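I opened the notebook to log side-chain pairings, starting with charged pairs. Then I turned to rings and the nonpolar core.

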Amino acid sequence: PLPILANWVVYIPAESGRLYALSAATGARLWHALLPGYAVSAPAVADGVVYLGTDHTDVGDLLAFNGATGQRMWDIQDSHGAVDATPAVADGVVYWVADGNAFATDAVTGTNVWTVSLTAMEMRSDPAVADGVVYFGAGNGDLYAFNAGSGSELWTYRTGSPVEGSPAVADGRVYAGSDNHYEYAFALPSS
């Protein structure tokens, strides 16, 4: 898993089942937290909170930690499978995917906002959120767009091969690559 830098702190998920916070200036360990399993993706940091997915015995967790102290704020255990992708945080909501499901979770309380169940599949594509839309790819080769507020599906595009990379949104377009060695760009509707 990749580390992430936020507010002069480097957050490092370790496969040993720990999350470390190090000072970017000195390298000193600020804190570490035990995880219920091991991390397979990078954490996301927003508003002083670290969000991280884990995998353990075919069960995944999405966890929230206080970025300054390492205290666990909440833990959502997902029996569907590992949380293999880095979550996205926008407007007080954490968007995440796990084994054919997409979730929106209140960033502060950890309560469910919405859940969408798709076909069971690997989901390693980090969600991207822009202009009220959540984008993510899936192991079935589809690129999805969902309304960030309601979870309703806006559109799906079938690439024909797994979409494991993360979509990017810029300049009125969403970009995604597929394991079929093609890259895709979609113009977004103007608001």
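This is a predicted model: local features need pLDDT of at least 70, side-chain atom pairs count only at pLDDT 80 or more; totals for chains, interfaces and linings use all residues.

Arg 158 came up first: I found this residue exposed, at 57% relative accessible area (buried is under 20%, exposed over 50%, partly exposed in between; 1.4 Å probe, protein chains only). Residues are numbered from 1 along each chain as its sequence is written, and side-chain values use heavy atoms, with hydrogens and water left out.

**Salt bridges**

I looked up the partner of Arg 158 and got Asp 142, with the closest N and O atoms 3.0 Å apart. A salt bridge here is a side-chain nitrogen of Lys or Arg within 4 Å of a carboxyl oxygen of Asp or Glu. Arg 158 sits in strand E17 (residues 153–158) and Asp 142 in strand E16, 16 residues apart. Strands are DSSP runs of at least two residues, numbered from the N terminus. Asp 142 is buried, at 4% relative accessibility.

How many salt bridges does the structure hold? I counted four. Asp 84 and Arg 124 meet at 3.8 Å, N to O. They are 40 residues apart, each in a loop. Asp 84 is buried at 19%, while Arg 124 is partly exposed at 38%. Arg 124 also meets Glu 122, at 3.3 Å. Glu 122 is partly exposed, at 44%. Shared partners join Asp 84, Glu 122 and Arg 124 into one network.

**Aromatic pairs**

I logged 14 aromatic pairs. Rings of Phe, Tyr and Trp (its six-membered ring) pair if their centres lie within 6.5 Å; planes under 30 degrees apart are stacked, over 60 edge-to-face, the rest tilted. Tyr 11 and Trp 31 have centres 6.0 Å apart and planes at 45 degrees, so I filed the pair as tilted. Tyr 11 is in strand E2 and Trp 31 in strand E4, so the pair ties together parts 20 residues apart in sequence. Ring pairs also link Tyr 95, Trp 114, Phe 136, Tyr 144 and Phe 146 into a cluster.

**Nonpolar core**

The largest nonpolar core has 17 residues. Such a core is a set of buried Ala, Val, Leu, Ile, Met, Phe, Trp, Tyr and Cys residues joined through side-chain atoms within 4.5 Å. Strand E11 gives the largest share, three residues. Among those with the most contacts inside the core I noted Tyr 95, Val 97 and Trp 114.

Terms used:
Helices (H or I, at least four residues) and strands (E, at least two) are DSSP runs, numbered from the N terminus.
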